[in-house]
Amino acid sequence: MIDPLRLLGYFLWIFKEIVSGTLSMTTSLFTPHGYSRPMIVQVPLRCTTDLEITMFASSITITPGTLVVAIAAGDEADDPPTLFVHVLFADSEADALDGLYDMETRLLTAMRRRPPKPVADAILRGAQGTQEGETA
Amino acid sequence: MLIVDVLIAVFVLTGALLMVTSALAMFRAKDALSRINVFSPATGLGMPLVLLGCYIYTLQHEGFSVYRLLIAIVGFLSFIIVSSIASNTLSRSTVLVGSPVHRYTRPNRLVEPLVPVDGGETGDPTAETETAHGDGPAQRSV
């Protein structure tokens, strides 16, 4: 089921992400004020097997600026497995989720030879809705 | 010869500079999770670059051998895999032990879980604020 060429492309993309994350971390190091905007976001996964979840968690952690802090197991019914990710340099929660789901889509396309279902709209809107609630 | 020397120097010095960058970034980070987070340029890019420079140096001085190439590849993969798993373990234990999370960590979904919104409704802010007053080990802030 694994597509070796796409997986190689995924690893190259991860390398590009590591380099760009390192650059953004270095530039923000020499910014006088407002070093980082830490947040812990909740990422319900579309990954199902242990291998996919492990690879996704490792990819997140190896990228500078994002770190997996907790994993919630999914039950078989409707709760998907969920990662809690500590993000340092994202502009907003929706922005951070966009980046993470982009990575997940690339990984799952390489692992399954076909793209996964798009992210449930309710999750992205939930992130935006609570932010509006907090500012109100 | 000269170009190879320059290449080795660039790889090793860039790797070493990334280590310094991560060390300085750890001073500016404000809580334990951020310090683990800013360490990944050193482990994900810095150490593999130093290894690459060292391998090219060995290649230049001792010639090619399959054995050394194998060692270099194993070392490279180990750096990538071990450092990411070690960071996961560190962050997991940091949260479990109840180390304080900085108060500007916002949103903190460990304290206020994300509620998926059904239909055209917007999020329910009152539900969020009620859960935000929970008192758990991961919920203290500095």
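Mentor: Let's start with a definition: a residue is buried when its relative accessible area is under 20%, exposed when that area is over 50%, and partly exposed in between. Keep in mind that we are looking at a predicted model.

Trainee: Thanks! Then why is Ser28(A) called buried?

Mentor: The relative accessibility of Ser28(A) is 11%. The cut-off for buried is under 20%, so Ser28(A) counts as buried. You will find Ser28(A) in helix H1 of chain A, which covers residues 4-29. For a sense of distance, Ser28(A) and Ala70(A) are 42 residues apart along the chain, and 26 Å separates their C-alpha atoms.

Trainee: And what makes Arg113(A) exposed?

Mentor: Its relative accessible area is 51%. Exposed needs a value over 50%, so Arg113(A) is exposed. Arg113(A) sits in the loop between helix H3 (93-112) and H4 of chain A. Its phi is positive, about 70°, although Arg113(A) is not a glycine.

Trainee: What comes before Arg113(A)?

Mentor: H3(A) does: Arg113(A) follows that helix. In H3(A), 14 of the 20 residues are buried, so we call the helix mostly covered.

Trainee: How do you know that the length of H3(A) agrees with what a helix should span?

Mentor: The expected span is 1.5 Å times one less than the number of residues. For the 20 residues of H3(A) that gives 28 Å, and the end C-alpha atoms are 28 Å apart, so the two agree.

Trainee: What is the rest of chain A like?

Mentor: Chain A has four helices and three strands. Starting from the N terminus, its elements run α-β-α-β-β-α-α. Of its 136 residues, 53% count as buried.

Trainee: How much confidence does the predictor have in chain A?

Mentor: Its mean pLDDT is 83, with 88% of the residues at 70 or more. Within chain A, confidence is highest in helix H2 (residues 50-62), at 91, and lowest in helix H4 (residues 121-135), at a mean of 60.

Trainee: Let's turn to chain B. Which elements does it have?

Mentor: Chain B has five helices and zero strands, running α-α-α-α-α from the N terminus on. Of its 142 residues, 36% count as buried.

Trainee: How do you know that the span of helix H3 of chain B agrees with its length?

Mentor: Helix H3 of chain B covers residues 40-62, which is 23 residues. They should span 33 Å, and the end C-alpha atoms lie 32 Å apart, so the span agrees. Even so, H3(B) has a kink of about 30° at Gly46(B), shortly before the proline Pro48(B).

Trainee: What makes Gly53(B) buried?

Mentor: Gly53(B) has a relative accessible area of 0%. Since buried means under 20%, Gly53(B) is buried. Gly53(B) also belongs to helix H3 of chain B.

Trainee: Which residue follows H3(B)?

Mentor: Gly63(B), which has a positive phi, near 80°. Phe64(B) is in the loop between H3 and H4 of chain B.

Trainee: Why does Phe64(B) count as exposed?

Mentor: Its relative accessibility is 55%.

Trainee: Why is Val4(B) called partly exposed?

Mentor: Its relative accessible area is 31%. Buried is under 20% and exposed is over 50%, so with 31% Val4(B) is partly exposed. Val4(B) belongs to helix H1 (residues 2-28) of chain B. Val4(B) and Pro113(B) are 109 residues apart along the chain, and their C-alpha atoms are separated by 53 Å.

Trainee: How many cavities of 30 Å³ or more does the structure hold?

Mentor: One. The largest cavity holds about 40 Å³ of space. Its lining consists of Asp31(B), Ala32(B), Leu33(B), Thr94(B), Val95(B), Ser99(B), Pro100(B) and Val101(B). Helix H2 (32-37) and helix H4 (66-96) of chain B each supply at least two of the lining residues.

Trainee: How do the lining residues divide into nonpolar, polar and charged?

Mentor: The lining has five nonpolar residues, two polar and one charged. Asp counts as charged, while Ala, Val, Leu and Pro count as nonpolar.

Technical notes: Residues are numbered from 1 along each chain as its sequence is written. Chains are lettered from A and ligands numbered from 1 in the order in which they are written. This is a predicted model: local features need pLDDT of at least 70, side-chain atom pairs count only at pLDDT 80 or more; totals for chains, interfaces and linings use all residues. Side-chain values use heavy atoms; hydrogens and water are left out. On a 1 Å grid over the protein atoms alone, a cavity is a set of points where a 1.4 Å probe fits but cannot get out, and a pocket is an open set with protein on both sides within 12 Å along at least five of seven lines; lining residues have an atom within 4 Å of a point. Grid points are joined across faces, edges and corners, and a volume is the space filled by probe spheres set on the points. pLDDT is the predictor's confidence in each residue, from 0 to 100. The bend at a residue is the angle between axes fitted to the seven residues ending there and the seven starting there. Buried means under 20% relative accessible area, exposed over 50%, partly exposed in between (1.4 Å probe, protein chains only).
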